[in-house]
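Thanks, everyone, for making the time.

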Amino acid sequence: MLLTKKSEYALLSLISIAKSDTPKNVDVLSRELNIPKSFLAKIMQNLAKNDIVISHRGVNGGFVLKKPYDEITILEITTVAEEKIPSVFECSPSVNSCPSDLANACNLWPVLNNLQSRINVFLEELTLKDIAS
């Protein structure tokens, strides 16, 4: 599967944060987006750890984007959320690391690898601003 709930929730949260003039905390985001709080907290911690958001503590604390939303790519967000580059197939991205050692003889591998490359380029060109508009 290309994107899981982790990516969906990360994207929805980041869109909400991008549209806000003030930091948004997990409680607010959870209620606003109807996302389980504990699951969202883990996602937001991961986004903060990977420099997509900054976490501010305190009464008026919450999350803000670390850089402008037109500089944050969807590939960057989904890679952080999924903790790996999202892929559309389970084959290895490299012929040399094929688990079955049959990549050189596989008719599907070149087609699937080409598809994955195109998806990666598309997600790298698409920004948070593009989907937030």
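Let me begin with Lys67, which forms a salt bridge with Glu76, and here the closest N and O atoms are 3.4 Å apart. Please keep in mind that this is a predicted model. Lys67 is partly exposed, at a relative accessible area of 29%, and Glu76 also counts as partly exposed, at 23%.

By the rule used here, the count comes to six salt bridges, and I will mention two others. Lys24 pairs with Glu32, with the closest N and O atoms 2.5 Å apart; in this pair Lys24 counts as buried, at 14% relative accessibility, because the cut-off for buried is under 20%, whereas Glu32 is partly exposed at 41%. Then there is Lys5, which forms a salt bridge with Glu8 at 3.3 Å between the closest N and O atoms, and both of these residues lie in helix α1, three residues apart, or about one turn of the helix. Lys5 is partly exposed at 45%, and so is Glu8 at 37%.

As for Leu14, if we leave aside its neighbours within four places in sequence, it is in contact with Leu47, Ile52, Val53, Leu65, Ile77 and Leu128.

Notes: Residues are numbered from 1 along each chain as its sequence is written. This is a predicted model: local features need pLDDT of at least 70, side-chain atom pairs count only at pLDDT 80 or more; totals for chains, interfaces and linings use all residues. Side-chain values use heavy atoms; hydrogens and water are left out. Contact means heavy atoms within 4.5 Å. A salt bridge is a side-chain nitrogen of Lys or Arg within 4 Å of a carboxyl oxygen of Asp or Glu. Helices (H or I, at least four residues) and strands (E, at least two) are DSSP runs, numbered from the N terminus. Buried means under 20% relative accessible area, exposed over 50%, partly exposed in between (1.4 Å probe, protein chains only).
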